[in-house]
Amino acid sequence: MKFGLDIPTAGAYADPRKLADLAAEAEEAGWDGFFIWDIVFAAGESQEPVANPWVALAAIAMRTQRIRIGPMVTPLTRRRPWQVAREAVSLDILSNGRLIFGAGSGYQARDFTSFGEEYDLKIRAEKLDEGLEILKGLWSGEPFSFHGKHYQLENVTFLPRPLQSPRIPIWLAGGWPSRKPLRRAAHWDGIYLMTVNQVTNELLKLEEIREAVAYMQTYRESPDPFDVGVNGVVLDDAGKAAEIIQAYQEAGATWWIDLAGEDESFEEYRARIRRGPPRYE
Amino acid sequence: MQYGVTLPNVRVDARILADLARDAEVAGWDGVFIWDSLHSETDDLKGQPTCDPWIALTAMAMTTECVRIGPLVTPPTRRRPWKLARETASLDQLSNGRLILPVGLGYVGDAGFSKVGEELDRKKRAQMLDESLDILNGLWSGQPFSFDGEHYHLQEMIFVPTPVQSPRIPIWVIGAWPRKKSMQRALRYDGIIPAKMGEDGFSGELTPADIQEVKLFINEHRTATTPFDIIMEGETPGDDHEKAVSIVQPLAEAGVTWWLEAVWSMPETQGGVEGMRNRIKQGPPPVG
């Protein structure tokens, strides 16, 4: 099991240098991944400050050597895919091949509708599928054309290629029990399972993770490794941690991704990050 | 007079640019600027590895402490202005208020326009640029802002944090001399990068006499009382101070406030990255 962090970019976190310093501390403490939000506005009607994730990730890449980094997740549907392709490759090279690209169809209406962007779910799903194909095509370093419903590219060759081969790993966000996002993820390199069941709104149960992983396995076409990121409870009891982590591992999770508690302040979370991931061997 | 270097974002990566920026700071330059191209289609640059300028500028901000940094020039016309607003605010914050934002209509020979279905019509791009600049200003203000233009529509929103610099991140605009509309656009902001235009497009380098005329135009037509820069880009020999001074001095006297040394060496011509590093280390022309 690998241990990652899902770090906000709003409020007390909305400062690229602070995020870079926090990432350096996380690396020092032994975490394997430092992932950050990609949002335009903070949740709800909040007027909190927000940092640009790509500037923050580049700053993080400069302050760290080992830890995996990435946006969790970028709503590809409100970006120009070729622009994202360039940013991701530059970041993969700058980080010496440490980028994981988390993608989704978008999850905050306000980030779209306030600018007149399309927020229809079906159209966003189409744009996400097309956007991912464009990323793959442009990252190949080969001449690439694309004639989709939403995007058209005419014979473009993007160089350099990413450092990672065959490509920068692409994880999709997906919430159980919705099946379609899981099928999409199965086509790529990983999934970041949403914390709660999308119907009951309860923390995802082990049985549900097992079911989701089994479902995705039936759609995997590639023999390459497939990552499954999950959020769990805070593991503050070392004795119990081993047991819980093992259970998640057996259910198919490969990344344990920690979230800040709802009432946890920046300094409290920072202190917890500095204590490192659960020790369980 | 302030001195900057302009570096390509082609055939280099973000880490090389961050190292060169550090060298420039040590050598006494005041600014380091990099191209903002997505994928150039010109003969000499086609198919060359290209680096995202915003990732590179961030890396440069992390290796320097006092040089100004910026993209030269950014075409807001192939970006979403609100996205650009967030990037620039974050970068200004990270660099502690050192960002400058030079803008233009965009070069349609870039695949970022021509191969992906972006707007190619010059008039429309000019409208989009004007609207983008209004939106950047509105969002950087940190005040409730809405916009209903021809090309962009924003419901009322507040963008925070604001940039570190106040009243705003300086905006330099490419001004087509002597075209009035283009010149007027530049005068609304904080600096002009003049380009001499004839009937059929570019018509050569601006002379000190041209700069004097530009300066006169600015004095006559600019209503704002905030500082205003006149920026010129060119080349001076780093190993011949007398010659360098003879190029820059008359321009400084005519009104140029920023001289940008074009350090665009390509591997096959001037030694590539090492060639660029050498010119940077020779420092700016010794004109006060």
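This is a predicted model: local features need pLDDT of at least 70, side-chain atom pairs count only at pLDDT 80 or more; totals for chains, interfaces and linings use all residues.
1. Chain A holds an open sheet of nine strands, paired in parallel, in the order E3-E2-E1-E11-E10-E9-E8-E5-E4. Strand E3 (68-71) and strand E4 (74-75) of chain A form the edges, and each pairs on one side only. Helix H2 of chain A packs on this sheet, where it touches E2 and E3 of chain A. The direction of H2(A) makes about 175 degrees with that of E3(A).

2. One strand pair. Strand E8 (residues 170-174) of chain A runs parallel to E9(A), and four bridges join the two. Within this pair, Leu172(A) stands opposite Ile191(A) of E9(A).

3. Helix H1, dimensions and end. H1(A) has 14 residues, and from its first C-alpha to its last it reaches 20 Å, close to the 20 Å expected at 1.5 Å a residue. Just after H1(A) comes Gly30(A), with a positive phi of about 105 degrees.

4. Helix H1, buried face. Pro16(A), Leu19(A), Ala20(A), Leu22(A), Ala23(A), Ala26(A) and Glu27(A) are the buried residues of H1(A). Viewed down the helix axis they fall within an arc of 165 degrees, so they line one face of H1(A). Their packing partners in chain A are strand E1 (2-7), strand E2 (33-36), H2 and helix H9 (266-274). Helix H3 (81-94) of chain B is also among the elements they pack against.

5. Helix H7 of chain A covers residues 206-219, and its 14 residues should span 20 Å at 1.5 Å a residue. The end C-alpha atoms lie 21 Å apart, which agrees.

6. Ile209(A), Ala212(A), Val213(A) and Met216(A) are buried in H7(A). An α-helix has 3.6 residues a turn, so residues three or four places apart point the same way. The face of H7(A) turned away from the buried side carries the exposed residues Glu207(A), Ala214(A), Gln217(A) and Thr218(A). On the buried side, the packing is against helix H6 (180-186), strand E9 (190-193), strand E10 (227-230) and helix H8 (238-251) of chain A.

7. The contact between chains. Chain A and chain B each give 35 residues to the contact. On the side of chain A, the elements giving two or more residues are helix H1 (16-29), helix H2 (53-63), helix H3 (81-94) and strand E7 (152-156). H3(A) supplies the largest share, seven residues. By type, the residues on the chain A side are 22 nonpolar, eight polar and five charged.

Conventions:
Residues are numbered from 1 along each chain as its sequence is written. Chains are lettered from A and ligands numbered from 1 in the order in which they are written. The expected span of a helix is 1.5 Å times one less than its number of residues. A residue is buried if 20 or more other C-beta atoms lie within 10 Å of its own, exposed if 12 or fewer, and partly exposed in between; C-beta atoms are placed from the backbone. Two residues are in contact if their C-beta atoms, placed from the backbone, lie within 7 Å. Ala, Val, Leu, Ile, Met, Phe, Trp, Tyr, Cys and Pro count as nonpolar, Asp, Glu, Lys and Arg as charged, and the others, Gly among them, as polar. The arc is that of the directions from the helix axis to the C-beta atoms. Two strands pair if DSSP finds at least two bridges between them. Axes are lines fitted to C-alpha atoms, for helices over the stretch in contact, and angles run from 0 to 180 degrees between N-to-C directions.
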